[in-house]
Amino acid sequence: MNGPVAHLAGVATCGKVHLCPVCAAKIRAARAEEIDTVTAAWQAAGHGLAMMTLTLRHYRRMPLGTTRKRERGGLVAVQHDAWITAFGNRAGKMWQRLQADHGVLGYVRVWECTQGENGWHPHFHVLLFTDRPWSVDRAEAFEEAARARWVRSVEKAGGYRPNDRGCKVDVPRPKDAQQFARYLFKNQDGKARFERWAPGDEMARADMKRGRKDSRAPFEVAEGAAAGLADDVPLWHEYEYAAHGIRAMYWSNGLRARLAVLVDLDERTDDEIAAEEVGGQGVALIPAETWYRSVLRHRGRALALLKAAEASGSPGVKALVASWGLQWGRDVLDPPDPVGGPQRGV
């Protein structure tokens, strides 16, 4: 237990940031903290930041698709192919010149996806690291040039021509420049523009976001699928297949080396972050044999353990496992402090 929140310790982790709500929360929290740290240091050194958001026109009939080589297609394939030719490794000298002219020294790109009335909505958030803070005029000039590149590349990749909102660039208001790390770059989750919300959260905490209006975040679709909603089960399977292999966060070449001069970076992999234990006070220790035989094989029991621990602590867990026909002291044990070893704990 960490305060009123229960969690499992000593269990295997998958490290799948798009598909696992448990691993996603840990990974995205760490990445959000890192983004906040580097953006604060970057600004303190006199540099600037801007947020570019890239979207596609999409309709319900359009599949989310996949980027797998032999099955490449759908919206995510259009999105990634358009990125490559507009801003990626096939963008050419004109993109390099545009970055040089506007003092863009690097970027962090994050992939997100929502689902709503008009179908799937995959999009990129791109945090631009600039040599100097931009004026609104400079941001608009960059946006115009970037939009032209994005429009051409999306059409070339087989997508519908994006509208004027397909490429949007935001910068902090001048009076907020010194507190940019606490402000939102764009409208998201019903928040007003520049409401207090750290860039790390905007870039990395897709697991905490809820869809706007009639749209839903992927884990909201998963909730519906888990509840047995007939429409959400195939939607989740479609997302699960499409998200495979897509990078949640990508750093442009050389940017981390620039940032390492200013601040210590988090060099852990997603798997390493997901595997780290978060500590807390033990409530129960479940031997591996009991865990696999009497918990994992029964749908909902792992979640029931967490709910019992949060509601009533150790007495609640004892009552629950007794209702399953398990004996405390033999099948489930009092935990050592701290919980450790190969056994499973709550």
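Predicted model: local features only at pLDDT ≥ 70, side-chain atom pairs only at ≥ 80, totals over all residues.
Residues are numbered from 1 along each chain as its sequence is written, and side-chain values use heavy atoms, with hydrogens and water left out.

**Exercise 1.** Determine which strands pair with β3 and in which sense.

*Solution.* Step 1: Locate strand β3 at residues 119-130; strands (E, at least two residues) are DSSP runs numbered from the N terminus. Step 2: Apply the criterion that two strands pair if DSSP finds at least two bridges between them. Step 3: Strand β1 (residues 48-54) pairs with β3 in the antiparallel sense over seven bridges; glycine 48 has threonine 130 as its bridge partner in β3. Step 4: Strand β2 (residues 104-116) also runs antiparallel to β3, joined by 12 bridges, and valine 110 has histidine 125 as its partner there. Step 5: β2 and β3 form a hairpin with two residues between them.

**Exercise 2.** State how many residues of β3 are buried.

*Solution.* Step 1: Buried means under 20% relative accessible area (1.4 Å probe, protein chains only). Step 2: By this criterion, 11 of the 12 residues of β3 are buried.

**Exercise 3.** Describe the contacts of methionine 52.

*Solution.* Step 1: Contact means heavy atoms within 4.5 Å.

Definitions and conventions:
Buried < 20%, exposed > 50% of the residue type's maximum accessible area, 1.4 Å probe, protein only. Helix = DSSP H or I, 4+ residues; strand = E, 2+ residues; numbered from the N terminus. Lists of a residue's contacts leave out its neighbours within four places in sequence.
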